[in-house]
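Please have your viewer open as you read.

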Amino acid sequence: MASAPAPRSLLRFITCGSVDDGKSTLIGRLLYDSKLLMEDQLAALAEDSRKNGTRGGELDFALLLDGLSAEREQGITIDVAYRFFSTPRRKFIVADAPGHEQYTRNMVTGASTAELAVILIDARKGVLEQTRRHSYLVSLLGIRDIVLAINKMDLVDYSRERFESIERDYRLARHAAPGSLTAIPLSATAGDNVIEPSARMPWYRGPTLLGWLEAVKVEGPDTSLPFRMPVQWVNRPHQDFRGFAGRITSGAVRAGDRVRILPAGRECAVASIITAAGELEAAVAGQCVTLRLTEDVDVARGDVLAAADAPPPTADQFEATLIGLHERAILPGRSYRMKIGTATLAAVVAPLKYRIDVNTRAHLPAERLELNEVGVCELELAHSIAFEPYERSRELGGFILIDRITHDTVAAGMLHFDLRRSQNARWQALDVNKQARALQNGQRPCVIWLTGLSGAGKSTIANLVEKRLHAQGRRTYLLDGDNIRHGLNKDLGFTEQDRVENIRRVAEVARLMVDAGLIVLVAFISPFRAEREAARALFAEGEFIEVFVDTPLADAERRDVKGLYRRARSGQLRNFTGIDSPYEAPEKPDVHLDMARLTAAEAAGLLADRVERLQSAHG
């Protein structure tokens with residue numbers, strides 16, 4: 001009686017290279033020929049079933065499916081297409097990344113979950129700039145095994161000398177990157193060395209492409225490392241049950257093991273391990289489980305459960321590599337949402353240390369990071385997280401940055417190491433706090449943030465409001481945009497990144513003043529929604545009042561007492577808001593002052609009344 005087919009492992013890989021190197025043709029050849037192989041095996045199983053009475057056709061035959069529909073723009077693929085196919089020995093998921101330089105971000109997306117890369121080279125063209133770019137990026141993303149598929153050998157008369165010359169050039173260009181490199185001469189169109197060895201290249205004695213893909217060892221989740229499980233879900237279907245669900249990323253766990261909850265650091269023991277199939281005594285890396293603990297401790301989504309005797313470190317400041325994934329540049333000082341593992345928190349890029357030329361590996365100065373660029377930066381997080389360097393753990397070291405306003409993914413990143421500053425600078429507990437100062441001042445501290453175009457009337461209105469509040473005995477302070485640039489921010493210009501830093505500093509000063517128990521008026525253009533939202537996030541609920549001083553551009557320009565608009569229109573003043581630099585108006589301001597129908601005095605009166613109502617509610 002024939003034995004059942006052995007379970008087949010799954011291999012994820014990516015194909016990449018320059019434009020017109022033949023990726024689509026090669027993938028089509030793999031899909032078509034592997035389908036024929038599967039049909040042959042199914043026929044053999046059916047014949048075996050007929051002869052021996054066994055059940056035929058048990059092999060799970062995967063038809064050719066597109067995992068993600070590729071969008072197309074002007075005939076160019078701008079997404080990553082995932083293809084699924086099978087052979088008698090293995091299952092495959094291949095990410096087909098576009099070769100155009102402007103879509104490097106798509107290649108990064110496909111490589112982020114791949115275990116190896118197939119890099120194509122047109123035998124006629126040799127190693128190109130995009131070849132070097134993709135090779136660097138797959139190495140950066142932790143892919144160590146590379147197949148160098150030197151394609152279109154039929155167009156160079158199957159020349160051994162040409163093949164060896166390209167392989168030699170590539171090895172030199174690769175800068176001795178770690179991992180294995182296997183070069184295979186092939187013709188995707190003719191099928192040479194794709195599935196079957198080529199009779200037209202008898203000088204080549206190595207594996208075919210599919211033979212190599214079937215034979216390469218796939219490293220599964222590492223069970224030898226300490227236990228780690230990011231918490232994805234807190235499961236509490238009823239009062240007597242509370243479990244923490246997630247996928248074990250490394251190591252193993254048994255009932256009774258002690259675990260540490262990070263970043264808080266509390267320890268307790270595992271009471272039971274539950275899966276969809278029932279309760280287990282132990283679970284290992286790669287399994288999705290729900291853990292019940294022996295104590296009713298505080299655990300939330302984004303926390304990490306780790307081996308108590310070998311926990312990962314925690315930190316809130318890191319050096320990291322970023323890859324730009326969006327047309328909108330990444331700016332130092334701007335606050336983003338960072339998603340790492342199952343945690344989501346605020347992160348600030350501060351500073352951007354340098355940009356990397358992916359062709360020469362040179363470190364270049366950079367004030368921002370554009371689409372497809374790679375750079376190294378420092379990251380400041382809103383709170384500590386459990387982490388491991390990316391080269392050790394993709395799950396606890398890889399992350400994405402998300403725009404706080406548009407929710408677009410703007411960067412992929414890899415943590416390298418923590419900066420240890422938070423270990424040296426600890427928050428000092430003080431006996432006199434914000435509540436005590438507010439009580440002494442007899443008021444509710446808050447920040448009144450006035451935003452609008454230059455010349456909209458922000459400073460005039462803020463000044464009138466402060467005079468009224470001061471007359472009523474309120475403790476106030478006015479932070480004015482022009483005044484701050486004479487001192488605290490005199491080192492900043494008016495580029496987009498300087499404007500981001502300008503508002504970041506002012507928001508931090510305003511937070512200190514609110515902590516001192518003051519009512520703070522801030523009169524700044526503050527043109528970007530992201531920075532205003534980041535400023536709001538620094539304050540407690542109800543402490544931040546965004547005021548949109550809504551003045552039409554024509555009116556602001558007409559009252560241009562400083563002559564700024566005139567200079568901007570003539571080209572003498574660059575990066576001027578409303579002319580050659582954008583202003584992003586608030587979508588839902590707390591107070592909307594329509595200056596087309598209000599005088600400055602009327603607007604100040606309305607705003608002062610709003611502040612007084614807030615104080616009255618405070619009691």
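Leaving aside neighbours within four places in sequence, E501 is in contact (heavy atoms within 4.5 Å) with G333 and L492. This is a predicted model, where local features need pLDDT of at least 70, side-chain atom pairs count only at pLDDT 80 or more, and totals for chains, interfaces and linings use all residues. Residues are numbered from 1 along each chain as its sequence is written, and side-chain values use heavy atoms, with hydrogens and water left out.

**Single residues**

- E501 sits in helix α11 (residues 496-515); helices here are DSSP runs of H or I with at least four residues, strands are runs of E with at least two, and both are numbered from the N terminus.
- With a relative accessible area of 15%, E501 is buried; buried means under 20%, exposed over 50% and partly exposed in between, using a 1.4 Å probe and protein chains only.
- L181 belongs to strand β9 (residues 181-185), and it counts as buried at 13% relative accessibility.
- From C-alpha to C-alpha, L181 and I146 are 5.0 Å apart in space, although 35 residues apart in sequence.
- T275 is part of strand β15 (residues 266-275), and a polar atom of its side chain lies 2.9 Å from the backbone oxygen of G278.
- Beyond neighbours within four places in sequence, T275 is in contact with L280, C288 and V289.

**The largest pocket**

- On a 1 Å grid over the protein atoms alone, a pocket is an open set of points with protein on both sides within 12 Å along at least five of seven lines, a cavity is a set where a 1.4 Å probe fits but cannot get out, and lining residues have an atom within 4 Å of a point.
- The volume of the largest pocket is about 1700 Å³, where a volume is the space filled by probe spheres set on grid points, which are joined across faces, edges and corners.
- Its lining has 50 residues, and S112, A114, S393, R394 and E395 lie nearest the centre of the pocket.
- Elements that each supply at least two residues of this lining include β1 (9-17), α2 (104-111), α6 (394-397) and β26 (409-418).
- The largest share, four residues, comes from β26.
- By class, the lining of the largest pocket divides into 19 nonpolar, 16 polar and 15 charged residues; Ala, Val, Leu, Ile, Met, Phe, Trp, Tyr, Cys and Pro count as nonpolar, Asp, Glu, Lys and Arg as charged, and the others, Gly among them, as polar.

**Cavities**

- Three cavities of 30 Å³ or more turn up in a search of the whole structure.
- The largest cavity has a volume of about 70 Å³, and its lining includes P230, I340, I385, E395 and L396.
- Both β24 (374-386) and α6 supply at least two residues each to the lining of the largest cavity.
- Seven nonpolar, three polar and one charged residues make up the lining of the largest cavity.
- The second largest cavity has a volume of about 40 Å³, and among its lining residues are R12, F13, Y82 and A114.
- β1 and β6 (90-96) give two or more residues to the lining of the second largest cavity, and β6 gives the most, with three residues.
- The lining of the second largest cavity divides into six nonpolar, two polar and one charged residues.

How values were computed:
A polar contact is a pair of N or O atoms within 3.5 Å; within protein, one must be able to donate a hydrogen and the other to accept it, and residues adjacent in sequence count only if both atoms are side-chain atoms.
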